[in-house]
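Biologist: I want to learn how to read salt bridges in a model. Please take me through some cases.

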Amino acid sequence: MPKQSPVPEDVDRGFWEAANEGRLVVQNCHACDRLQHPPMDACAQCGSGDNLEWSEMSGRGTIYTYAVMYDNPVPLMFDDQPFNAAVIKLEDDPDIMMLSHLPGTPVDEVPIGAPVRLVFEKTQATGQMVPEWEVVTQ
Amino acid sequence: MTTNRFEQIPEEWLRRREGLGIWEGRSKAVAVGTGASDTSRRWDWDPQTSVGANAISALRRAMDDAGVTGDQVDGLIVVPDTTTGRFAWPPAWPEDRDVPGDMAAAFEMVDDPRVGMAGLSTEWIIKNMPELTNVEFAAHIPSDTAPALIGAVEAVVRGLTKVCLVVKGWHNLAGRYYVGQGAANGDTIATREKWSTGWGTVGVYQEATRFQRYLWKYGKRKEMFANFVVNSKRNGLNFPEGFFAQNRPEDIVTREDYLGARWLAKPANLYDADIPICAAAAFLFTTPERAKDMKQKPVYVLGHTSTQPPARSLQHTLEEEEAAAASSGRKLLEAAGISVSDYSFENMYDGYGMFHAIHVEGLGYAGIKQGDFLDFVENEDITNEGPHPISPSGGNIGSGRTRFWLHMDTMQQLQGRAGARQMTGVKPEIGVDGANFPQNFHGLVWGANPD
Ligand SMILES: [Zn+2]
């Protein structure tokens, strides 16, 4: 479904550049050995921005929870209401969460706990690729 | 007058950690009076219904309620923020009138043109309330009523003020919150909102996902929540200061209404959310000694706590929310030096309604443990006539988005003057309240007696 194109900014440029190459990266503080997402200017644990790097993820995760959006704020998505909006936890670090529309999963038939795999979708305005997630069927 | 413009409450005033023991200020500050302005759905652009006018109205009613005159007040705490929305300033003024001009004719305005219409300040209040001649301590405490009440209580305990007013207002201008506003507009998105709004999620979404997880984790059904909402709506209609009692007294909400309501972010529907309104409330705090010659019975503040853990990632998880609520529950008991069975009632925040469950389970009120709330509200008597009132104020769901009905009701219940809401199944001796989300929480324990 259509999405707004995210505009890369200094703090998250690495994420979006990697997405355009089909890779999922998450910010890592190598001093703390700790991932964080969304990206920030400094590590939330040690407060330093000097040790942040981009760390590549496997692209596997599970559905932590979801809601079905009937009243979303983005006009670009009005025509697609209602739609699933799930919270994905990454297998590499279940503390790290991302959102997904779960393409291919019917509205409100979201299996909490199910494994998901990474796909990328192109957004229309700028062509920026964004990560999405599909339920892994047996 | 020197105004202490706190950006936050001084950190040493807050009780964030566990293990601090009984609060040293216990029962050294009391609430005596409270007052609310009239309410409305949206501002009609009349200066006399502006957030500034409402704040003045609430302050005067709180003073009258306590039997205090303006010259006796020496402390004033104002919450400068009066919206949760994302409206641009200036707003789209009505074409046929000059609202800023009308305001300037009706009130003494200050440099910031929003103040009085879409914000408040101590300066604006004092300029427009000439009866406040002796304010020596004046402070801004941001965001919400609960932290402002804690600020007032600590200010009294610390001897900075003997008679302290607190005021919080809400303005609601024309337009819809969030929808098509700011980051949501256009075909590109920048700022941190790209991670949330970018997927079409905002407002109730995060709480809806936590509630979905809750239903899954504990094997419960959404329908089990209906009785809580019905009861809150009923309590709201018995709250004469509230929006629905004043403006839509026929608006009784039944179980069927709840179950058939329009979805916002399923499993959250219209009745799980609150409606934005225009309203203001004020509270008067003093010392127990000074309260003796005031008009109302004093309500003792037995303890307070604050809990604001950051989210580990994109949004707080259910587990983070539950842990925060449980920590608050323990800290409130510890501060007040009581046990959970001492609570006669709870008035925890409810806007969104769903996390009221998490708050109550965190307290352990009425023996409710994690995962128990829905069974409790479905099967037990949770009315104000029963042995374990749940949200006797009716909260935001019952009376509109203010985050202060809970405090007002706690006071009135303990003073025995809650009218049609007055609880009868239990003698109100100790109550607990606080706002807002469990993970962004300031709470207080209140007693009808100092012990
Ligand atoms: Zn670090």
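Modeller: Start with B:R61, which is partly exposed at a relative accessible area of 36%. Buried means under 20% relative accessible area, exposed over 50%, and partly exposed in between (1.4 Å probe, protein chains only). This is a predicted model: local features need pLDDT of at least 70, side-chain atom pairs count only at pLDDT 80 or more, and totals for chains, interfaces and linings use all residues. Residues are numbered from 1 along each chain as its sequence is written, chains are lettered from A and ligands numbered from 1 in the order in which they are written, and side-chain values use heavy atoms, with hydrogens and water left out.

Biologist: Which side chain meets B:R61 in a salt bridge?

Modeller: A salt bridge is a side-chain nitrogen of Lys or Arg within 4 Å of a carboxyl oxygen of Asp or Glu. Here the partner is B:D38, at 3.1 Å, N to O. B:D38 is partly exposed too, with 47% relative accessibility.

Biologist: What about A:D12: buried or exposed?

Modeller: A:D12 is buried, with a relative accessible area of 2%. Its side chain forms a salt bridge with B:K194 (2.4 Å, N to O). A:D12 belongs to chain A and B:K194 to chain B, so the pair joins two chains. B:K194 is buried as well, at 1%.

Note on methods: Helix = DSSP H or I, 4+ residues; strand = E, 2+ residues; numbered from the N terminus.
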